[in-house]
Amino acid sequence: GLHIELGECLNHASRLAEAVPHFEEAARLADQEGRFDLLSRAALRCWGGNPWVDNADDTAQRLLRLAISRCPPTDEDRRAALQAGLAAFSIFTAGLAERDRITADAVARARVSGDPALLATVLVARHVAITAPLAIDQLDEVRRELGATATAVPLAVAPGDLVGISSADFWRADGDAYREAAASFDLSDPRLAAGDATVGTQLAACVALLDGRTADARKLADHALEVGAWGDASVGNHGWQLLLADWLDGRVADSRERAVAAYERYGGQPMRLTLAWVEADAGADGAASALLERVRRERLARLPELFLGTIGLAAGATAVVTLGDRDWAAPFIDAIEPVRHLMSGVPWAPFPAGAFYSGMLHGLLGESRTADDCFEQARELHERMRAPAYLALGDAAHGRMLLDHDPARANRLLASADEFARDMGLRGILDIATVTRATSTGARRHTTVANTT
């Protein structure tokens, strides 16, 4: 039991990766001694791998499978809990509907078991398993029950949603809740736990991004990484935040080294599509196109079922528009459609609304009326999100698309975007707003809005 206690202490300190060897050793000893109670406890507490990326540490999965294989036939509640834990680490192999079903069954069993610790653990597993834009209603229910359970039982590992903004609220573009969550952390308090300090600083960096304060965003993102909590998740969030700052600053290519490293380490479509965007922006058409061709089109539709899926859709759509690749536009439009009315990204990496990317893609295809509707929808979402930088970005892209169809309206949008971008020094927006037509490859690249004339 000592190794489990040490692992749980490290979990509570948000040092998840350091806890893994303790849970692994606890499971080994428990299995040798025939102590299924300790084996299952170790397996359910091991969260060192990042379930939201491919190629993460697979220790948790191995321990969960071992515990399932040792589970007594009569202990159905514990078996259901272990299967829920495994579902949380099966995001890339099981569909959202299956993960929802398995974890909902486990929660129902845990509720009637009378074991509050088991219920808390299973609720965490369910939360992780179904955190995706297509499950925001279920997430609301889980978050409420987790909040009530956490007051009585310390959680094995608190999801970021419990110590920050709700993912569901972010995807719905609740900018008030987002900023309230960021302001709830007293970052000047030296007693603030490392996990809370990391989440709070990352949210502050993201608010700075939405405001267009990219220099502040970079400093805060770097500081959050220095705090050192949450392991790989913090490294990933840091990379996304810097990429968004680079985008607004018109220097996406500066993120190439980080994008390559992330793709090589984790793989997966979100990472692949992010690298495709960075390569396209740098003018490496061949590399970007090759990365796109490695994406199976039928799997694009599954991306909204993944926590990081809309990052992949956003990055891939931007790569397609930057390349001017009309063949890829329709598959991305179809994949984005179910989440077009939501913000893209995740709370710690806030990308523009899905409708913004749909607008750019429809513009690429010359479907100006549909693109117009999408950009208007994006504007509404960005207003609700209180994201002035994305309002300006959307106005710039929208204005560019309208130049040949409604020049008076186009110029109003472009002038508004230009004013904001100049005030904030955002070259990425200026490059769109100040160029009246993308008549050359170079102009197209810098604007990331394809020529629709």
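Colour by secondary structure to start: the protein chain has 25 helices and two strands. Keep in mind that this is a predicted model. Now switch to colouring by accessibility. Of the 453 residues in the protein chain, 58% are buried.

**Stop one: a pair of helices**

Select residues 96-113, which is helix α6, and residues 116-130, which is helix α7. Two packed helices are described by the angle between their axes and the distance between the axes. Here the axes come within 9 Å and cross at roughly 170°. That makes α6 and α7 roughly antiparallel, since any angle over 145 degrees counts that way. As for handedness, the crossing of α6 past α7 is left-handed.

Next, show side chains where the two meet. On the α6 side, pick out Leu96, Arg99, Asp100, Thr103, Ala104, Ala106, Val107, Ala110, Arg111 and Ser113. Across from them, α7 brings Leu118, Leu119, Val122, Leu123, Ala125, Arg126, Ala129 and Ile130. What does the contact of α6 with α7 look like by class? Colour it and you get twelve nonpolar, two polar and four charged residues.

**Stop two: aromatic rings**

Hide everything but Phe, Tyr and Trp. Rings pair if their centres lie within 6.5 Å, and by this rule there are eight aromatic pairs. Begin with Phe170 and Tyr178: the ring centres are 5.9 Å apart and the planes sit at 40°, so this pair is tilted. Are these two residues buried or exposed? Both Phe170 and Tyr178 are buried.

Move on to Trp328 and Phe332. Their centres are 5.8 Å apart with the planes at 55°, so here too the pair is tilted. Both residues belong to helix α19 (residues 326-336), where they are four residues apart, about one turn of the helix. Trp328 is buried, as is Phe332.

Then select Trp247, Trp277, Phe351, Phe356, Tyr357 and Phe375 together: ring pairs link them into a cluster.

**Stop three: two positive phi values**

Go to the loop between α9 (167-171) and α10 (175-183), and click on Ala173. The phi of Ala173 is near 70°, a positive value in a residue other than glycine. Ala173 has 2% relative accessibility, so it counts as buried, the cut-off being under 20%.

For the second one, jump to the loop between α21 (368-384) and α22 (388-402), where Arg386 is found. Arg386 also has a positive phi, near 55°, in a residue other than glycine. How exposed is Arg386? With 39% relative accessibility, Arg386 counts as partly exposed.

Select Arg35, in the loop between α2 (16-32) and α3 (36-45). Arg35 has a relative accessible area of 35%, so it is partly exposed. Arg35 and Arg70 are 35 residues apart along the chain, and their C-alpha atoms are separated by 9.6 Å.

Notes
Residues numbered from 1 in each chain as written. Predicted model: local features only at pLDDT ≥ 70, side-chain atom pairs only at ≥ 80, totals over all residues. Heavy atoms only, no water. Phe/Tyr/Trp six-rings, centres within 6.5 Å; stacked < 30°, edge-to-face > 60°. Buried < 20%, exposed > 50% of the residue type's maximum accessible area, 1.4 Å probe, protein only. Axes fitted to C-alpha atoms, helices over the stretch in contact; angles between N-to-C directions. Parallel < 35°, antiparallel > 145°, perpendicular 65-115°, else oblique. Left-handed = near helix turned anticlockwise from the far one by under 90°. Contact = heavy atoms within 4.5 Å. Nonpolar A, V, L, I, M, F, W, Y, C, P; charged D, E, K, R; others polar.
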